[in-house]
Amino acid sequence: HACLLWPASYGLPPIFLALIVGTVRASGSLWLAPLRNSVVLALGHASYALYIIHVPILVVASVLGIATRLGWFWLPLLMLVSLLMHYWYAESVRRLLLRRP
């Protein structure tokens with residue numbers, strides 16, 4: 001019988017994340033103020049959309065031959081697309097699902 005042994009620390013990251021988020025939310029500390037900035041919060045909300053779309057967009061750009069020509073312009077472009085995707089699509093779907101009984 002084969003048994004996989006995982007280090008005990010593998011289960012700790014979610015706990016540490018919860019502690020960090022709880023501390024930041026509860027704290028009125030000035031050094032944490034940038035994390036409460038509306039722009040930073042919006043980018044955080046759109047980060048999953050960025051994770052989902054960046055590879056397909058860059059693959060299409062490679063196929064079209066424009067991937068390397070635009071250089072660092074891809075970063076703000078991908079961030080903008082992810083923000084639009086999050087607020088126009090994901091938030092709309094979330095609100096729709098929350099309204100359902």
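Me: Is Ala42 buried or exposed, and why?

Reply: Burial is judged by relative accessible area: buried means under 20%, exposed over 50%, and partly exposed in between (1.4 Å probe, protein chains only). Ala42 has a relative accessible area of 17%, so Ala42 is buried. The structure is a predicted model, in which local features need pLDDT of at least 70 and side-chain atom pairs count only at pLDDT 80 or more, while totals for chains, interfaces and linings use all residues. Residues are numbered from 1 along each chain as its sequence is written, and side-chain values use heavy atoms, with hydrogens and water left out.

Me: Where is Ala42 found, and which residues does Ala42 touch?

Reply: Helices are DSSP runs (H or I, at least four residues), numbered from the N terminus. Ala42 is found in helix α2, residues 38–45. Contact means heavy atoms within 4.5 Å. Setting aside residues up to four places away in sequence, Ala42 touches Leu83 and Tyr87. Ala42 and Tyr87 are 45 residues apart in sequence, yet their C-alpha atoms are 9.1 Å apart in space.

Me: How should the length of helix α3 be read?

Reply: The expected span of a helix is 1.5 Å times one less than its number of residues. Helix α3 (residues 47–64) has 18 residues and should therefore span 26 Å; the end C-alpha atoms are 25 Å apart, which agrees.

Me: Where does α3 bend?

Reply: The bend at a residue is the angle between axes fitted to the seven residues ending there and the seven starting there. In α3 the bend is about 35° at Ile53, and a proline, Pro56, follows within four residues. After α3 comes Gly65, with a positive phi near 80°.

Me: Which residues of α3 are buried, and what do they pack against?

Reply: An α-helix has 3.6 residues a turn, so residues three or four places apart point the same way. In α3, Ala49, Ile53 and Ala61 are buried, and the buried residues of this helix pack against α4.

Me: What does Ser82 touch, and why does Ser82 count as buried?

Reply: Ser82 lies in helix α4 and counts as buried because its relative accessibility is 3%. Beyond residues up to four places away in sequence, Ser82 touches Ala46, Ala49, Leu50 and Ile53.

Me: Where is His86, and what does His86 touch?

Reply: His86 is also placed in α4, which covers residues 74–99. With 10% relative accessibility, His86 counts as buried. Again leaving out residues up to four places away in sequence, His86 touches His45, Ala46, Ala49 and Glu91.

Notes: Helices (H or I, at least four residues) and strands (E, at least two) are DSSP runs, numbered from the N terminus.
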